[in-house]
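Here's a walk through one protein, strand by strand. Have the sequence and the model open as you read.

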Amino acid sequence: MESICKDHFLQRQYRKVDGGVLWSRNERNLDCTVTFQTHSILQRFMLHFDLLQLDCNDHLYVYDGAHATAPPKADLSCRNTKQQVGALFTRSNFVTLKYVTDNWGTDANGFRLVITAVKDPKHGCKEFRCKQREFCVSADLTCDGVDHCADGSDEDTATLCPESGGTGAGSAWVAGCAGAAALVAGAAATAACCACRRRAATQRTRLHLQELASSNGGGSGVGAEAGATRLPGNPELPAGPCGAARAGRLRRAA
Ligand SMILES: [Ca+2]
C-alpha cells in the first residue's frame with residue numbers, strides 16, 4: 001500500500017480498474033488512502049481476500065464511495081479472517097481503501113486483496129460470466145492466475161485455461177499482461193492479448209506498484225521492496241504483440 005500512497009499526484013487520481021490485486025506485508029506507520037473506480041457506471045466492485053492477517057493495532061477500512069468518509073462499509077483488523085469476511089460488494093462504482101498501521105508488525109501481518117469490477121448480467125454480458133454469482137467481468141481477467149470471480153471460474157483449468165496447468169489463486173502473486181493492461185489502461189481484450197497472456201503465464205513476473213505509478217505519469221520514486229504493495233503484471237518487459245500494444249497505451253496514458 002505504501003508505494004501507492006507516497007505519490008501525492010496519484011493519490012488525487014481515481015484509478016480506473018477492471019481488476020487488480022493489492023497486497024501489503026508488514027508495512028508499518030502507514031496512513032494510506034486509495035480510491036478505485038470502475039470503467040462503467042453499470043459496474044460495481046467485488047472485493048475478496050486471499051490473505052487477511054492484520055495486527056490488532058492495524059486497520060483496513062473499506063468505504064463504498066470515492067472518499068474515506070464515515071461510516072466505513074468494513075473496518076477490518078485482527079479479529080477478521082478471510083473466510084469470515086468473504087466477498088464484499090460496493091453499491092457505488094467506487095471503492096476507497098484506507099490502511100492504517102502502527103509501528104509494530106511481523107512478516108505474517110498483511111493482506112492480499114483481489115478487487116474486481118463486476119456487472120450484473122441484466123445489463124448485458126459480452127465478456128466473461130462468472131459461474132457461481134453470474135457476474136460479468138472483463139475477459140482480460142480470465143486465466144491470469146488470480147481468482148477474480150471468487151469461485152475460481154475465471155481460472156478454471158478444466159475448461160477455460162487448460163494451459164495454466166492448475167495454477168490456482170493460491171499460487172498467483174502474478175498475472176499475465178492482460179491483467180496489467182486492464183489495471184493500467186483499462187484496455188479491451190484483443191486477440192493479440194490472448195496469445196500474449198499464454199506467453200506471459202509462463203514468464204510469471206511481478207510488477208511493483210511503484211512502476212505502475214511511474215507509468216501513469218506519477219513520477220519516480222524508490223523501488224518497492226519486500227513489504228510493499230504490488231500489483232500483478234509486467235509492463236517493463238512487454239511480451240509479444242500484446243506487450244507492444246499495451247506499451248503504446250501506457251505511453252498514451254502517461
Ligand atoms: Ca482471473
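In β9, which residue is the bridge partner of Leu47? That partner is Ile115.

Before going on, a word on the ground rules. This is a predicted model, so local features need pLDDT of at least 70 and side-chain atom pairs count only at pLDDT 80 or more, while totals for chains, interfaces and linings use all residues. Residue numbers start from 1 along each chain, as its sequence is written.

**The overall picture**

The protein has seven helices and 13 strands; these are DSSP runs numbered from the N terminus, with helices being H or I of at least four residues and strands being E of at least two. Out of 254 residues, 46% count as buried. Here, buried means that 20 or more other C-beta atoms lie within 10 Å of a residue's own, exposed means 12 or fewer, and partly exposed is in between, with C-beta atoms placed from the backbone. Two residues are in contact if their C-beta atoms, again placed from the backbone, lie within 7 Å. Among contacts with a separation of 6 or more, 71% join residues 24 or more positions apart.

The largest nonpolar core has 37 residues. Such a core is a set of buried Ala, Val, Leu, Ile, Met, Phe, Trp, Tyr and Cys residues joined through C-beta atoms within 7 Å. Leu113, Ile115 and Val137 have the most contacts inside this core. Strands that each supply at least two of its residues include β2 (19-25), β4 (43-53) and β9 (110-119). The biggest giver is β9, with six residues.

Strand β9 is largely enclosed by the rest of the structure, because 10 of its 10 residues are buried. Gly110, Arg112, Val114, Thr116 and Val118 point one way from β9, and Phe111, Leu113, Ile115, Ala117 and Lys119 point the other way. Back to Ile115: leaving aside neighbours within four places in sequence, its contacts include Val17, Phe36, Phe45, Leu47 and Val95.

**Who pairs with whom**

Strands of a sheet pair through backbone hydrogen bonds, either parallel or antiparallel. Two strands count as paired if DSSP finds at least two bridges between them. Here are some of the pairs, each with one example of facing residues.

| Strands | Sense | Bridges | Facing residues |
|---|---|---|---|
| β4 and β9 | antiparallel | 10 bridges | Leu47 and Ile115 |
| β5 and β6 | antiparallel | three bridges | Tyr61 and Asp75 |
| β1 and β3 | parallel | two bridges | Lys16 and Gln37 |

An open sheet of five strands runs in the order β1-β3-β8-β5-β6, with mixed pairing. The edges are β1 (15-16) and β6 (74-76), each with a single partner strand, so one side of each is left without a neighbour in the sheet.

Ala74 lies in strand β6. Is Ala74 buried or partly exposed? Ala74 is partly exposed, because 16 other C-beta atoms lie within 10 Å. Leaving aside neighbours within four places in sequence, Ala74 is in contact with Val62 and Leu88. Ala74 and Leu88 are 14 residues apart in sequence, and their C-alpha atoms are 8.6 Å apart in space.
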